[in-house]
Amino acid sequence: TVKVMGAQNSRDFAYSINDAVPSFLGKSIWTLHTGLRPDDKMPVSIFSFDKKKNESKLDLARNAFKRLKTLRHPYILPFIDGIELENMIYIVTEEIHPLSEVLPEIRNFSNSLSWGLFQISKALSFLNNDCSLVHGNVSVNSVFVTKSGDWKLSEFQFLSDIKEDETIWKTFSYEIPKQYKPPEAEKGWSMIQKNPIWCLDSYMLGTLIYELYNGNLSRSEDLKSTGKIPKDLTQQYTSLISAVPKNRLNPSKLIEAPFFGNPFIETCLFLETITLKDSFEKEAFFKKLNSMIDQFPKSICKYKILPHLITALNYGSANFKVLAPLFKIGTYLDQAEYTTMIVPNVIKWFSSNDRSLRMNLIQNLDSFVEYLSSSVIDEQIFPNVALGFTDPAPALRELTIKSMLLLVPKMSETNINTNLLKHVARLQMDQEPGIRTNTTICLGKISSHLSQSVKKKVLVPAFTRAMRDPFPPARSAGLLALTATQDYYDNEDISQKIIPSMSILITDPEPQVRNHAFLGIRLFLNKVEKSVAALQPPPNPARSNSTPGIEGADPAKPDSGVMSWAFSSLSRTIYGEKDGAGRISTQGQAPSSAPNLTKPLTSSSSLPSLNSSSQSETSREPFNETTSRREIETEDRFDDQQDDDGWGTFDDVDNSQDYRLPQREESSTPSGSNKEKDFFEDDWGPTEKDNQTQTSSSEKSATGWDDDWEDFEAPTAPAKTVSSRFENAQRLKQQRATKQEKGK
């Protein structure tokens with residue numbers, strides 16, 4: 001623990017100092033270390049100077065310490081802390097890397113070199129033109145690069161005031177390698193004072209350009225060859241290394257060259273001055289930024305462009321269009337970086353009143369949802385996203401329901417059952433058909449995250465409600481959702497609710513809905529059939545041989561089994577038995593085998609003509625109240641096939657009426673037709689206008705489904721009782737008697 005030099009109050013210099021950076025050893029009077037700041041453990045860089053080992057250069061180290069501490073410029077290495085001890089001097093700066101260490105990587109991006117040269121030229125222009133100071137030590141070893149890709153000028157041990165006769169540069173100029181010094185330096189400091197103040201640094205800037213593109217400079221004569229220096233920079237380079245000091249280019253003029261007018265520099269400069277730009281300039285900038293991200297180094301995107309975008313959005317300097325490049329850069333971050341840099345801001349943006357911002361966040365949700373923890377989604381994200389369920393803008397309501405596919409897997413069961421399902425029930429009655437359709441699809445896809453009790457209570461009422469929607473895609477969605485979630489339903493639900501509801505849609509006006517209805521019915525029938533078959537006891541061989549019926553049927557014969565028995569019973573009931581001569585008799589036992597069912601029941605070869613009522617009356621047993629239930633059932637089935645005047649044909653159905661469900665449209669009249677009004681009020685619940693008079697959702701049941709969905713369960717098909725069949729038989733008998741009397 002050491003004390004900080006110059007501090008008003010004594011405090012600890014508790015920085016953690018690591019080993020020296022190997023790439024910087026022997027290139028300066030300073031030794032560069034990595035370290036950690038004591039308060040927040042943030043990484044820093046620490047320069048150390050050993051007084052005992054470099055006693056002759058102590059004045060240079062103290063000059064650098066003093067100059068760095070007092071100079072402030074965006075492109076000069078910032079001073080954070082420092083101390084001079086008995087044997088050591090320490091300078092703490094932000095985390096940086098020597099340019100020589102990262103130069104091979106930077107060379108892969110030509111624009112990065114231009115941006116670095118731009119920054120160093122600006123720093124030298126500040127020192128020469130604004131401060132009347134000469135750096136006097138410009139080279140690759142005096143430039144450092146931050147993790148954001150910015151170049152910082154340092155190594156101020158030779159920094160001198162041009163107006164002073166006795167300067168540190170004059171005293172220690174011998175420490176500077178000869179190849180970096182201009183020709184007039186051989187004549188002493190006085191010659192440098194006679195020339196423009198920038199002449200010394202301009203020449204050294206030229207040597208820096210040479211080394212950036214051509215590698216290390218070993219002798220001054222090599223400067224005459226431009227080598228790999230870009231052609232649009234050659235003219236400026238030649239001016240910088242001119243043998244005539246007055247002909248050298250001022251660094252402030254160098255940055256005006258066309259070479260620095262590339263998209264990368266324009267992007268960086270725009271972000272640094274974004275608060276001064278108008279809305280039209282910002283609009284144009286963010287429109288093209290997303291396409292340029294791939295051209296920039298990842299380090300610059302992550303630590304320079306991204307922070308600027310976040311700051312601009314937080315303080316109103318940018319609009320929602322900044323999110324596209326922002327989340328694109330986010331793909332370069334690891335889990336820890338994303339959690340630190342983006343997630344806190346996303347939470348803040350979701351609470352914004354800006355509808356456009358929230359919509360774009362939801363559209364990009366798949367880009368960052370994996371970095372959100374379950375607690376963050378439950379407590380901070382979902383409450384703000386849920387506001388979109390009741391937003392007046394249909395587009396936001398639809399995006400909100402779609403976003404649940406990404407959020408629900410990380411939401412708690414309590415939040416899903418208590419809060420989300422209430423909104424889903426409400427959106428199933430939304431005025432927008434697309435929202436109703438997507439709500440059904442969403443519920444089907446998130447159903448696996450519901451508890452078993454909630455599945456049983458919610459899914460069937462919700463999907464059967466969708467099957468009664470006037471919008472065809474919504475009906476298809478309800479059918480497909482039921483088939484996709486078939487594993488959640490028992491035989492009772494399938495037989496009493498699902499299949500009856502689906503059967504209504506097999507005559508739907510829309511072919512796609514009909515196809516989905518047939519598909520669903522077949523699937524559920526197959527499911528129930530397999531389930532019931534598994535519960536049946538094994539067949540009894542003795543019973544099969546003695547009693548004809550279902551269990552004794554021969555599957556190899558087409559006229560055996562259930563249908564054979566039904567046809568035999570039907571024949572006995574209507575025609576009676578035949579004797580040996582083939583005449584019909586009403587007495588005796590049933591024939592041993594039934595006719596072949598491969599022929600239609602209405603075929604003249606199988607059934608006699610039923611046009612004569614007398615023949616029908618004489619061949620049929622008289623009806624009495626003790627007639628068996630099976631005979632009544634088969635008689636009803638046969639009577640349904642008669643073609644006499646009493647029943648008519650399918651051609652008699654009035655097809656002029658439109659049987660399609662009414663469309664829910666905005667009417668020019670206040671209330672619309674009574675039929676449409678009754679449909680929506682009875683089946684879909686009140687409209688949005690009527691909701692104002694309804695009780696609030698807080699007064700509903702705990703889950704919100706009792707009032708929203710329980711009333712929309714599919715009606716079960718009423719079972720036909722024996723008494724109802726008896727009444728039908730009596731009515732048919734009376735009709736035939738009346739016809740006979742009229743015929744006579």
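Guide: A strand here is a DSSP run of type E with at least two residues, numbered from the N terminus. Leu 153 lies in one of these, strand E11. The model is predicted.

Visitor: What makes Leu 153 buried or exposed?

Guide: Its relative accessible area is 0%. Buried means under 20%. Therefore Leu 153 counts as buried.

Visitor: Which residues does Leu 153 contact, leaving aside its neighbours within four places in sequence?

Guide: Contact means heavy atoms within 4.5 Å. By that rule Leu 153 is in contact with Tyr 75, Ile 76, Leu 77, Ile 120, Ala 123, Leu 124, Leu 127, His 135 and Ser 142. Take Ser 142 from that list. Leu 153 and Ser 142 are eleven residues apart in sequence, and their C-alpha atoms are 6.2 Å apart in space.

Visitor: Where does Glu 155 lie?

Guide: Glu 155 sits in the loop between strand E11 (151–153) and strand E12 (160–161). Its phi is positive, about 60°, although Glu 155 is not a glycine.

Visitor: What is the phi of Lys 41?

Guide: Phi of Lys 41 is near 60°, again a positive value in a residue other than glycine. Lys 41 lies in the loop between strand E4 (31–36) and strand E5 (43–50).

Visitor: How do you know whether Lys 41 is buried or exposed?

Guide: Exposed means over 50%. Lys 41 has 52% relative accessibility, so Lys 41 counts as exposed.

Visitor: What about Lys 304: why is it called buried or exposed?

Guide: Lys 304 belongs to helix H11 (residues 298–314). Its relative accessible area is 4%. That is under 20%, so Lys 304 is buried. Beyond four places in sequence, Lys 304 is in contact with Trp 115, Ser 148, Asp 150, Cys 268, Glu 272 and Ser 299.

Visitor: Where is Ser 121, and what makes it buried or exposed?

Guide: Ser 121 is in helix H3 (residues 110–130). At 0% relative accessibility, Ser 121 falls under the 20% cut-off and therefore counts as buried.

Visitor: Which residues does Ser 121 touch, not counting residues up to four places away in sequence?

Guide: Ser 121 touches Leu 205, Pro 251, Leu 254 and Ile 255. Ile 255 is 134 residues away from Ser 121 along the chain, yet the two C-alpha atoms are separated by 6.8 Å.

Visitor: Which residues line the largest cavity?

Guide: The lining holds Trp 30, Phe 47, Ala 64, Leu 68, Ile 91, Ser 154, Glu 155, Phe 156 and Gln 157. They divide into six nonpolar, two polar and one charged. Glu counts as charged, so Glu 155 is the charged residue.

Visitor: What are the totals for the protein?

Guide: There are 31 helices and 14 strands. Of the 744 residues, 45% count as buried. Among contacts with a separation of 6 or more, residues 24 or more positions apart account for 65%.

Visitor: What is the mean pLDDT of the protein?

Guide: The mean pLDDT is 77, and 72% of residues reach 70 or more. Over residues 1–10 the pLDDT is below 50, and this stretch has 22 contacts beyond near neighbours in sequence. Over residues 544–723 the pLDDT is also below 50, with 207 such contacts in the model.

Note on methods. Residues are numbered from 1 along each chain as its sequence is written. This is a predicted model: local features need pLDDT of at least 70, side-chain atom pairs count only at pLDDT 80 or more; totals for chains, interfaces and linings use all residues. Side-chain values use heavy atoms; hydrogens and water are left out. Helices (H or I, at least four residues) and strands (E, at least two) are DSSP runs, numbered from the N terminus. Buried means under 20% relative accessible area, exposed over 50%, partly exposed in between (1.4 Å probe, protein chains only). pLDDT is the predictor's confidence in each residue, from 0 to 100. On a 1 Å grid over the protein atoms alone, a cavity is a set of points where a 1.4 Å probe fits but cannot get out, and a pocket is an open set with protein on both sides within 12 Å along at least five of seven lines; lining residues have an atom within 4 Å of a point.
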